Amino acid sequence: MKNEVEYRIEAAQRAYQRWSKMAVEDRIEYLKKVKEKLLINKERYGAVITQDMFKPLSQAIAEVEKSATLIDYYIAEGQAILQGRHIQTKWSETYIVHDPMGVILGVMPWNYPFWQVFRFAIPTLLAGNTVVLKHASNVPFSAKALESCFAVEGFEQVYFNLTMPGNEVEEVIEHPAVKGVSLTGSEPAGSAVAQKAGSLIKPVLLELGGSNAFIVTQDVDLDAIIPLAVNARFQNTGQSCIAAKRFLVHESLREVFTARLAEEAQKLKQGDVMSLATGIGLMAREDLAMELESLLKDSVALGARVVCGGQREKNWFEPTVVTDVTAEMPVFQHETFGPLAVVVGFNTIEEAIALSNDSHFGLGVSIFGNDVEKLKQYVHLFDDGAVFINEMVSSDPRVPFGGNKFSGIGREMSEEGLLAFVNKKTVVIK
């Protein structure tokens, strides 16, 4: 471990000794200052995000604004959640208190370089922990801006960047000051971090990949569905764990749905990512675009048909819609992390549910139809962390976020995110 990395971990531990003893109301005042900096600088921070990973500027600014809404939630609800609760027992008094744990390591990805960090760091700090963060190596300007945003005048520094290669993360987990780890990223990274944390009996929270299904039953209004489908697949240039990646469409609608989805995908405004008019950007790295191209080519060789798009130049990948896809093809079985939509037909709702569950991921699913009461009966049949009826899957600070199967362990945001790294201590008085 480099001296600078160890120095920052030890600085975070020293800060924890004081920060953890601070009243929750004072920590909330800190959050208010962070939010103020975030919004005052939202255009500048948005430009930094776009510079790092080529997200269209309008979407980058929206990401910064969404991060502020998360802070609002914890400002409003955090103190009540951390108060704990009394329990009726045979003793005169029994209650639960929530104590912080120490220094928590965050390992965060590039696709939402502000939002992912805020949804981890804000509840972790409010609970009384301090944070050391290993950000993705391809978003260095975002990492620097974040450290500046979390440095609030009048408050001790409680958030520290760790500049190091990913293969040193396990060594950081071994540091005795580090009491837990939260990772958002790939399956291999999550597996390695979970194994290391488990061997040291340290808690871990993992938010990994997703291959969300977007189910369109036969009694829907396509005029209402198509704009949602375009946004669900192509927002953030398709580089989102909760993006709709597999469109499961009733056979009676599949042909027209596919044609209309392709038509709208081709209308997405391309161009300078620093222009507010641009609707779809470049992929973050050329190697990621090459991986997506490989999945597409292998599936076409097996019989998939490209309806629109399919062309790549460096890290530009044309918005693509593919049909005649079967469950054995790579574009169905793998996470297509980019602007590629897969359309698969089904005849019965039971078949659609089986296709949705035919994935080692289990993050979220959307299902659309007019009979909401009937759709609600299917909720328990999906292997996912979230089911959205007549709405695209999204994240909201007020509800738990996380997945099942290879999509991760634990939940972020809401009450669960705030209590992810606390010691839930039982107190009994005779």
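Start by selecting Phe118: setting aside neighbours within four places in sequence, Phe118 is in contact with Val34, Leu38, Ser67, Leu70, Ile71, Pro123, Leu146, Cys149 and Phe150 (contact means heavy atoms within 4.5 Å). A word on what you're looking at: this is a predicted model, where local features need pLDDT of at least 70 and side-chain atom pairs count only at pLDDT 80 or more, while totals for chains, interfaces and linings use all residues. Residues are numbered from 1 along each chain as its sequence is written, and side-chain values use heavy atoms, with hydrogens and water left out.

**The cores**

Phe118 and Phe150 have the most contacts inside the largest nonpolar core, which has 89 residues. By nonpolar core I mean a set of buried Ala, Val, Leu, Ile, Met, Phe, Trp, Tyr and Cys residues joined through side-chain atoms within 4.5 Å. Buried is under 20% relative accessible area, exposed is over 50%, and partly exposed is in between (1.4 Å probe, protein chains only). Now colour helix H4 (residues 57-82), which gives this core its largest share, 9 residues. Helices (H or I, at least four residues) and strands (E, at least two) are DSSP runs, numbered from the N terminus.

Is Thr69 buried or partly exposed? Thr69 counts as partly exposed, because its relative accessibility is 39%. Draw a C-alpha to C-alpha distance from Thr69 to Glu171: they are 34 Å apart in space and 102 residues apart in sequence.

**Helix H2**

Next, select helix H2 (residues 24-40). Its 17 residues should span 24 Å at 1.5 Å a residue, and the end C-alpha atoms are 25 Å apart, which agrees (the expected span is 1.5 Å times one less than the number of residues). Show side chains for Val24, Arg27, Ile28, Tyr30, Leu31, Val34 and Leu38, the buried residues of H2. Look down the axis of H2: these buried residues fall within an arc of 155°, so they line one face of the helix. That arc is taken from the directions from the helix axis to the C-beta atoms. They pack against helix H1 (3-19), helix H3 (42-53), H4, helix H5 (115-126) and helix H6 (140-150).

**Strand S6 and its partners**

Jump to strand S6 (residues 178-184), where 6 of the 7 residues are buried, so this strand is largely enclosed by the rest of the structure. Strand S3 (residues 103-107) pairs with S6 in the parallel sense over 5 bridges, and Val103 has Val178 as its bridge partner in S6. Two strands pair if DSSP finds at least two bridges between them. S6 is also joined to strand S7 (residues 204-207), running parallel, by 4 bridges; look for Leu183 with its bridge partner Leu206 in S7.

**Last stops**

Which strands form the open sheet? The order is S1-S2-S20, with antiparallel pairing, and the edge strands are S1 (85-86) and S20 (422-429). Zoom in on His86, which stands opposite Tyr95 in S2. Finish at Ser414 in helix H15 (residues 414-418), which counts as buried at 4% relative accessibility.
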